[in-house]
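Let's take a friendly walk through this model.

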Amino acid sequence: MGSKSSSRLSSLLRWLGLTLIILLFLQIAVLLTGSDWSDQVYQQLVIERLVNQAPMAFVGLLLMLIGSRLDQPGQEKSLIRWLVCGLSALLAVLMIAVIPIAITGNQTLSGEADQGLQQKRDQLEMARQQGKNPEAVQMLGEQLAQAGQLPAGASDEDKQKAAQQFIDRQLGQMDDQIQRVEKQRNLAASQRFFGGTLTAVVLAVAFVLLAFTSVL
C-alpha cells in the first residue's frame with residue numbers, strides 16, 4: 001500500500017509540474033503571435049510576462065524532480081531528471097538572454113519618459129514667463145471680464161489681480177501634473193529594474209542550480 005501511494009504521489013507531482021511548465025509556454029506563445037519585436041514596449045511586455053511566469057515553471061520543474069526522486073530514489077539519471085535538466089537549462093538561457101534586452105529597453109523607455117517630462121517643464125517655464133508679461137496679464141484680465149468671471153465695472157487692478165490668480169492656479173496644476181508624471185516614471189523604471197532585470201538574474205541562477213541538482 002505504501003509503495004502504491006508513493007507511486008501515485010510521485011506521478012501526481014510530475015503531472016502537476018508538467019502542467020505548470022506547459023502553462024508558461026502557452027503564456028509566452030500568446031504574445032509571440034503577430035507582434036513587432038522591434039517595439040520596445042512589446043519587448044518589455046514579453047520580458048515581463050516571461051519573468052513573472054518563470055517562477056511557476058521553476059515550481060513545476062521542482063515538483064517533477066521531487067516526484068522522480070520519490071518514484072526512483074536509487075536511479076540518479078532517469079529520463080524525467082534529464083528532462084528537468086534540459087528545461088531548466090533552456091529557461092536559464094532565456095533568463096540570461098533577456099537581461100541585456102531588459103537593460104536596453106529600460107534605458108530607452110526611461111529616455112523617452114525624460115523627454116516627455118522635459119517638454120512639460122519647458123511648457124511650464126514658458127507659461128511662467130508669459131505670466132510675468134504685463135500685457136499678457138492685462139489681456140487675460142480683459143478676457144475674464146468679458147467671460148463674466150469678474151463683477152461688472154471691475155477696475156484694471158481687479159482684472160490684473162484676477163488674471164494673476166488664474167495664472168498661478170494654472171501654473172500650480174501644471175507643476176502638480178509634472179510631479180505626478182515624474183513619480184510614475186520613477187515607479188515604472190524601478191518596476192522594470194527590480195521586477196524585470198534583477199528578477200531575471202535571480203531566476204537564471206535558480207534554474208542553473210536546479211539543472212545541476214536534477215542530475216547529481
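Is E182 buried, partly exposed or exposed? At 28% relative accessibility, E182 is partly exposed, a class that lies between buried (under 20% relative accessible area) and exposed (over 50%), using a 1.4 Å probe and protein chains only.

## Model and confidence

This is a predicted model, in which local features need pLDDT of at least 70 and side-chain atom pairs count only at pLDDT 80 or more, while totals for chains, interfaces and linings use all residues. Residues are numbered from 1 along each chain as its sequence is written, and side-chain values use heavy atoms, with hydrogens and water left out.

The protein chain has an average pLDDT (the predictor's confidence in each residue, from 0 to 100) of 81, and 90% of the residues reach at least 70. Helices here are DSSP runs of H or I with at least four residues, numbered from the N terminus.

## A network of charges

Three salt bridges are counted, each a side-chain nitrogen of Lys or Arg within 4 Å of a carboxyl oxygen of Asp or Glu. D114 pairs with R185 at 2.0 Å, N to O; this pair links helix α3 to helix α5 across 71 residues. R185 is buried at 17%, whereas D114 is partly exposed at 35%.

E182 bridges to R121, with the closest N and O atoms 3.6 Å apart. Here too helix α5 is linked to helix α3, the partners being 61 residues apart. E182 also meets R185 at 3.8 Å; both lie in helix α5, about one turn apart. Through shared partners, D114, R121, E182 and R185 join into one network.

## A nonpolar surface patch

F193, F194, L198, V201, V202, V205 and L209 form a nonpolar surface patch with about 620 Å² of accessible area together. Such patches join nonpolar side chains (Val, Leu, Ile, Met, Phe, Trp, Tyr) within 5 Å, from residues with over 30% relative accessible area and no salt bridge; areas come from the Shrake-Rupley method with a 1.4 Å probe. F193 sits in helix α5 and is partly exposed at 36%.

Notes
Patches are made of residues with over 30% relative accessible area and no salt bridge: like charges are joined within 9 Å, nonpolar side chains (Val, Leu, Ile, Met, Phe, Trp, Tyr) within 5 Å. Helices (H or I, at least four residues) and strands (E, at least two) are DSSP runs, numbered from the N terminus.
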